[in-house]
Amino acid sequence: MAMSHGLDHIVHAVRDLDAAANCYRRMGFMLGARNRHAWGTHNQLVQLPGFFMELLTVAEPDKLTGEGFPALFGDFNRQFLARHEGLSFMMLESGDVLADAAQFRSAGIARSDALTFERAGKGTDGSTVTVGFSLAFACDPLAPEIGFAVCRQHSPQLFWNPALQQHANGSTGIAGAVLVAENPTDHHIFLTAFSGVRELHAGSGLLTAPTARGDIRIMDRAAFQTRFGLEPPDTSGGARFAAVRFTVRERTALHNALAAGGIPFSEHMGQTVIAPAAAMGATVVFEGPDFGG
């Protein structure tokens with residue numbers, strides 16, 4: 001039986017990592033140090049409780065050789081960035097990657113067996129530590145522009161840093177991820193198998209998988225435009241990963257942080273929305289208890 005997964009992290013692929021880090025700082029987020037993968041991608045992370053945004057660039061493309069992570073993650077993002085910047089990968093938390101990989105094979109959505117890697121990181125005291133991860137990749141043929149995987153951390157006590165989770169914009173957690181598709185119901189079988197959520201919620205132009213940490217919403221183009229007041233990304237080649245939703249404590253701190261950073265935003269249906277033009281190809285949404293809507 002499939003196990004239910006919460007959101008673990010989301011990859012925001014960019015061509016200029018320094019510019020992306022500056023953009024997120026101007027949105028009021030605190031970021032960690034720059035990290036490097038053996039296959040040539042570099043990242044910087046925005047931590048929230050149990051979840052992180054991974055700002056990622058392909059800094060050393062000559063290292064993208066071989067199978068496994070160089071192909072499934074590195075080259076996938078290289079090809080993505082050849083077309084556009086934005087949200088490229090959704091990673092869900094795994095309690096047992098080997099079991100999840102077997103479940104993906106059984107469901108016909110597997111793209112890999114369980115894979116493991118390590119990299120250097122910064123500990124809470126500033127020292128260099130080694131953090132490790134195991135992942136299993138999945139594939140939705142109707143969403144070739146989106147990477148999917150589950151992830152388990154080997155040494156979470158070395159990874160999470162409460163000091164990096166104190167954000168000027170008041171962000172407290174991940175509310176969810178938003179995909180756009182021509183017909184959301186076409187992705188029902190994949191989303192059930194990938195998320196482990198057995199009962200999806202269907203609405204007008206909307207399919208939702210409520211997970212243990214945030215929800216996964218697949219919207220049709222009209223529903224996305226209605227909900228966020230923005231033109232959705234091009235879905236002629238398949239579903240796209242369009243938006244990430246954060247929870248914040250209250251509106252004033254958020255708006256003060258965005259104003260201080262010179263980040264343009266709109267208020268729409270009880271949400272604060274930052275358009276892709278201002279957020280390097282991603283729609284960034286904030287919502288909270290005092291927002292209404």
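What covers the buried residues of helix 3?

**View 1. Helix 3 and what covers it.** In helix 3 (residues 97–107), V97, D100, A101 and F104 are buried, meaning under 20% relative accessible area with a 1.4 Å probe and protein chains only. These residues lie on the same side of helix 3 because they cover an arc of only 100 degrees around the axis, the arc being that of the directions from the helix axis to the C-beta atoms. Their cover includes strand 7 (128–138), strand 8 (147–153) and helix 5 (188–195), where contact means heavy atoms within 4.5 Å. L98 and S106, on the other side of helix 3, are exposed, that is, over 50%.

**View 2. The two ends of helix 3.** At the start of helix 3, the backbone nitrogen of L98 has a side-chain oxygen of D96 within 3.3 Å, while just after the helix G108 takes a positive phi of about 75 degrees.

View 3. Strand 9 (residues 171–180) and strand 12 (residues 215–219) run parallel and are joined by 5 bridges; the partner of A177 in strand 12 is I216.

**Notes.** Residues are numbered from 1 along each chain as its sequence is written. In this predicted model, local features need pLDDT of at least 70 and side-chain atom pairs count only at pLDDT 80 or more, whereas totals for chains, interfaces and linings use all residues, and side-chain values use heavy atoms, leaving out hydrogens and water.

Definitions and conventions:
Helix = DSSP H or I, 4+ residues; strand = E, 2+ residues; numbered from the N terminus. Polar contact = N/O pair within 3.5 Å; in protein donor to acceptor, adjacent residues only side chain to side chain. Pairing = 2+ DSSP bridges.
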